[in-house]
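Open the model in your viewer and keep the sequence panel beside it. This tour goes from stop to stop, with something to select at each.

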Amino acid sequence: MAKTTDRSDYLTDSEKAESQSAVNTKPRYWEHRGNRNNMWRMLNFVLLAAGSLLILSPLWWMFATSLKTMAEVMSYPPSFFPESWEWSNYIRAWRAAPFTTYTINTITITTLVVIGSVLANSFIAYGFAKIPFRGKGIWFAIVLSTMMIPGFVTLIPQYVLFANLGWVNTYYPLIVPHFFGSAFYIFLLRQFYMTIPTELIEAAKIEGASHFYIWWKIGLPLTKPALATVAIFSFNGAWNDFLGPLLYLNDENLYTLQLGLAVFKGQLSTQWNYLMAGSLLVLLPVILLFFFFQKYFIQGINLSSGGK
Amino acid sequence: MGKRKLTIRRKESIYGYIFIMPFIVGFFAFTAGPLLFSLAGSFTDYNITSRMDFVGVENYQSLIVDDGLFRTSLWNTIYYVAFSVPLTTLGAIFISALLNQDVPGIRVFRTLYYLPAVLSGVGVYLLWMQLLEPGTGMVNLLLGWVGIDGPNWLYDPDWTKPSLILMKLWSVGGSMLLYLASMQGVSRSLYEAAEIDGASRWRQFIHITIPMITPVIFFDVVTSLIGGFQIFQEAYIMSGNGEGGPANSLLFYNLYMWNQAFESFDMGYAMAMSWILFVIVFVLTLINLKLAPRWVHYEGEEK
Amino acid sequence: MKNLRIFLLILTSTTLMLSACAGFQTSDSSEGQTNEEGKTVVDFWSFWGSEIRRPIIDKIVADFNASQDEIEVKHTYSPWGDIWTKELAAIAAGNPPDVVINDINATAIRGKENQAMNLSEFIDDDFSDKFYPELWNATLYEGDSYGIPFNTDTRVLFYNKDTFEEVGLDPEDPPETWEELEEYAAKLDVKNGDDYDRLGFYPLWGVGYDVWLLNANGENYFGADNNVDTVNINTETNVEVLNWLKSWRDRIGEDVVNSYQAQIDSQQGNPFFSGDLAMLVQQPTFYTQISEYAEDLNFGVAPLPEYEPGNGHTSWGGGFVAEIPEGSSDPEAAWEFIEYLTGAEAQEYWAVQNFDNVANIEAAEAAAQSDEFSEEGQMVYQIAVESMENTLLTPAPVEAPGFYNYINPHVDEFFLGSMTAEEALAQAQADVEDLIESNQ
């Protein structure tokens with residue numbers, strides 16, 4: 001294990017590029033294109049559009065259900081378009097539980113988790129990728145190992161641990177661990193750091209820069225797409241987390257959105273229209289965030305002007 | 001000279017540990033204890049609330065020697081991993097390649113393809129149960145339009161696992177994000193050079209894009225393998241009350257473990273199961289790491 | 001990069017402001033709690049969070065709180081199913097709530113595992129008389145009760161009176177035996193090629209195969225008092241019953257069964273409402289769906305038919321108990337609340353507001369007369385109450401937790417055609433015996 005992560009083991013390639021430095025140059029590649037290129041773009045567009053239909057059809061089902069009356073949801077055969085568009089379902093779903101409070105709670109937790117995840121994992125991953133040190137292989141193996149044990153068997157001892165810290169019924173168990181890194185993101189960011197040319201770092205070191213400085217000034221900016229990915233993933237993860245809030249929060253005033261959505265699914269029946277309306281409302285901020293966050297990993301291509 | 005080199009190396013070591021210190025602290029504070037507890041618990045008849053007596057290797061023994069459901073669940077899980085990991089990896093690379101191009105509305109497309117990954121939890125699985133309903137569900141409706149008589153999906157033991165794989169493919173947009181981020185890092189100059197040489201789009205994709213994103217492919221394969229072995233909630237919801245039916249076809253490893261731990265309260269047994277899974281996944285990951293140098297290409301390789 | 005850092009800065013400062021809120025204040029909750037007024041606080045967890053049920057349970061809690069001045073019950077909703085994982089973790093950590101609603105069928109196991117408290121110290125000699133004996137017995141482990149029955153259910157036969165009349169059957173004389181059931185069903189069938197315009201009956205809608213086994217045997221798979229010295233899975237009767245069930249499927253045809261099933265699952269599209277299905281086994285609460293979707297339906301309710309004349313109209317049910325988790329900070333106060341919760345007044349309120357079967361006999365019988373129900377509602381509720389006498393539970397023996405997980409897969413294979421009934425039941429029997437052996 002130790003040996004595999006040793007840098008000398010990896011295949012070395014002559015093609016050590018000025019790759020990253022070229023990232024920010026203007027996309028000349030997209031200029032001067034012929035018909036063949038346009039044909040490719042057409043095909044690309046058609047494929048994407050067709051795929052979108054497949055992706056969207058289950059979502060349409062969800063959306064349609066959210067607008068039906070409960071009687072229509074339960075009718076047979078199910079209708080593809082709602083008979084009457086019950087927009088009030090959204091309001092009623094929102095009022096079925098204190099969702100406004102839940103939203104504030106969820107935003108609080110999620111924001112802190114994202115900050116913790118981005119900073120801690122980036123910092124740790126830099127160490128694993130770019131600094132040679134003794135015992136690195138073993139520690140990296142431990143990092144990966146923490147992903148391999150199913151959470152169920154550590155769930156109870158972990159709960160007992162947090163209970164002894166007096167953290168039950170607070171947000172600490174949901175947030176604090178994220179400031180100490182997690183295997184998935186460490187591994188992911190390490191993969192991205194590995195692609196940064198070592199020369200860049202060596203050069204900075206010769207000029208007297210410390211690793212902290214290099215991480216902050218070179219590492220962070222060059223891995224921006226990866227950091228954006230970590231931010232989106234960890235946002236998504238914290239936003240959708242169900243088990244953590246379920247276990248650790250006892251006071252309903254502290255509940256999160258995912259716990260709130262559970263009220264629509266009872267022992268005997270599910271209020272499909274409210275469940276779907278609520279799910280879509282909860283989804284909305286995540287979609288918006290993603291839509292606007294995209295620019296962080298769209299660096300080389302300037303889309304609006306690229307086609308001219 | 002020798003002495004100086006030594007001090008530099010030591011200094012680097014200290015730096016290294018400073019950088020990974022958050023992980024080490026977090027590991028010892030939050031993770032190591034519960035992990036060790038579960039290892040110790042696997043040699044006991046721990047029942048969570050009142051009992052924890054040492055029973056030696058009894059749990060391991062009865063799992064490996066006697067337990068037919070253990071074998072069923074392991075087989076189901078391997079089946080699922082063997083199909084879902086390659087399919088989702090290829091699917092994600094393909095979609096990312098399409099989404100890494102300059103076409104009108106690309107931001108909207110990217111958001112659309114990522115959408116299913118954002119949706120998670122019970123609601124989605126319930127939704128898919130409706131979609132896969134043989135008589136009225138949308139999947140068979142769509143198949144009917146192209147003249148295919150759809151199967152009984154979640155009711156037919158031969159089709160239950162494919163049902164789950166289909167659902168996984170729908171939400172492949174999650175790893176699409178990784179590939180997209182990685183493809184963004186590939187230097188334009190490489191493509192320009194290839195263009196001048198007259199290389200086709202396809203050749204560019206195979207000879208430039210793919211090699212440059214191998215670090216992320218490697219990451220994706222390793223993590224989805226680890227994740228695939230831990231499939232749980234899909235089966236828990238979609239097999240009806242977590243029983244793993246019909247005919248045990250959705251009894252995955254973690255589902256069986258869950259039932260042992262939280263239905264039968266035989267937590268010691270479940271802990272033994274988790275460590276057997278750990279060994280299996282660890283060995284597979286090790287093989288992956290050993291094979292990596294043959295195909296994973298790190299641009300910034302240290303010399 | 002600059003933007004990113006400004007972004008981070010703004011985020012951090014906002015959240016620092018937010019951190020003053022309640023989610024960041026630790027408190028020691030393991031000690032017995034009292035509120036500002038000096039009342040003992042009883043933490044009560046239930047999974048009743050829906051629009052319909054939440055107000056009902058909250059009203060019961062409020063009534064209790066108003067009825068005395070020592071105790072204040074604080075009701076917390078936690079999601080259905082997951083609530084028990086949460087409870088278990090809290091018990092393991094030593095700071096559980098004081099009262100939790102839990103599944104009646106595993107009460108004995110929770111007693112054995114020291115999850116729930118032994119309630120015998122609180123219970124008077126005649127306390128158990130208030131509840132249906134079958135429910136009460138399900139809560140016992142080694143003779144002591146570990147949870148007090150709250151609500152329950154049963155299975156009854158709904159039938160369409162108009163269709164009975166149409167084919168010359170007496171609408172006031174529903175089928176008494178399996179034989180009559182088959183005979184009536186055949187008369188009620190209206191075939192149309194391979195399809196049906198109307199189906200008389202199909203036994204596996206609304207209930208599983210195990211209810212028919214229970215009905216035929218009049219007892220559970222295990223011996224008296226749920227002892228596991230005898231395991232009666234692979235028996236001649238059971239083989240016969242499985243084959244009988246399958247004969248329905250073979251006669252009616254897979255496609256018809258599936259298509260009707262989908263309609264039944266959809267609720268409103270239930271063919272029973274439209275008269276396309278003449279008889280259907282359901283829980284009594286099915287009445288609330290009838291009154292919502294098919295107000296004018298002329299229907300009757302009867303106990304499940306019996307296997308042979310004189311065999312008994314055995315039906316099947318489940319239910320929930322109120323229990324005190326081991327480690328509760330104030331069991332006496334918790335008990336007072338449980339007594340109220342399972343008392344006649346609260347139980348009747350629950351029964352009437354929910355149209356739900358309750359465990360308290362007095363409350364159940366009072367509810368059947370309730371003015372809040374329509375005449376039809378009273379009739380259905382009355383049959384439900386009568387059916388409770390013949391209703392068996394299938395609690396898991398402490399030696400065989402989750403035993404059905406070892407039977408169902410084999411029976412699945414039987415219905416899928418890859419095993420005979422004998423093979424399936426023989427394997428199920430062997431698996432359950434192995435399970436028992438490994439737990440002894």
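In which loop of chain B is Trp153(B) found? Select the stretch between α6 (138–145) and α7 (160–170) of chain B; Trp153(B) is in that loop. Bear in mind that this is a predicted model.

**Stop 1**

Most residues other than glycine have a negative phi. Is Trp153(B) buried or exposed? Trp153(B) is buried, because 22 other C-beta atoms lie within 10 Å, and 20 or more count as buried.

Next, select Asn248(B). Look for this residue in the loop between α11 (233–238) and α12 (253–263) of chain B. Asn248(B) is another non-glycine residue with a positive phi, near 65°. Asn248(B) is buried too, with 26 other C-beta atoms within 10 Å.

**Stop 2: where chain B meets chain A**

Show chains A and B together. Here 91 residues of chain B are in contact with 105 residues of chain A. On the chain B side, several helices supply at least two residues each, among them α4 (106–118), α5 (122–131), α10 (201–228) and α13 (267–295). Which helix gives the largest share of this side? Colour α1(B): its share is 19 residues. By type, the chain B side divides into 55 nonpolar, 23 polar and 13 charged residues.

**Stop 3: chain A and its helix α8**

Now hide chain B. Chain A has 17 helices and zero strands. Of its 308 residues, 47% are buried. Take the contacts in chain A with a separation of 6 or more: 78% of them join residues 24 or more positions apart.

Select residues 151–164 of chain A, which form helix α8. The 14 residues of α8(A) reach 19 Å from first C-alpha to last, close to the 20 Å expected. Where is the kink in α8(A) centred? Zoom in on Pro157(A): the kink there is about 25°. The helix α8(A) is mostly covered, with eleven of its 14 residues buried. The buried ones include Phe152(A), Leu155(A), Pro157(A), Tyr159(A) and Phe162(A). After α8(A) comes Gly166(A), with a positive phi near 75°.

**Stop 4: the six-strand sheet of chain C**

Move to chain C. Trace an open sheet of six strands in the order β2-β1-β3-β13-β6-β14, with mixed pairing. Strands β2 (71–77) and β14 (357–358) of chain C stand at the edges; each has a single partner strand, so one side of each is left without a neighbour in the sheet. Two bridges join β6 (residues 148–152) of chain C to β14(C), and the two strands run antiparallel. Within that pairing, Asn151(C) has Val358(C) as its bridge partner.

**Stop 5: the three-strand sheet of chain C**

Last, select β10, β7 and β11 of chain C. In that order they form an open, antiparallel sheet. At its edges are β10 (279–282) and β11 (299–302) of chain C. Neighbouring strands here are turned by 25° against each other on average, direction ignored. Between β7 (residues 156–160) of chain C and β11(C) there are four bridges. Finish on Leu157(C), which stands opposite Ala302(C) in β11(C).

Notes:
Residues numbered from 1 in each chain as written. Chains lettered and ligands numbered in written order. Predicted model: local features only at pLDDT ≥ 70, side-chain atom pairs only at ≥ 80, totals over all residues. Buried ≥ 20, exposed ≤ 12 C-beta atoms within 10 Å, placed from the backbone. Contact = placed C-beta atoms within 7 Å. Nonpolar A, V, L, I, M, F, W, Y, C, P; charged D, E, K, R; others polar. Pairing = 2+ DSSP bridges. Axes fitted to C-alpha atoms, helices over the stretch in contact; angles between N-to-C directions. Expected span 1.5 Å × (residues − 1). Bend = angle between axes of the 7 residues up to and from the residue.
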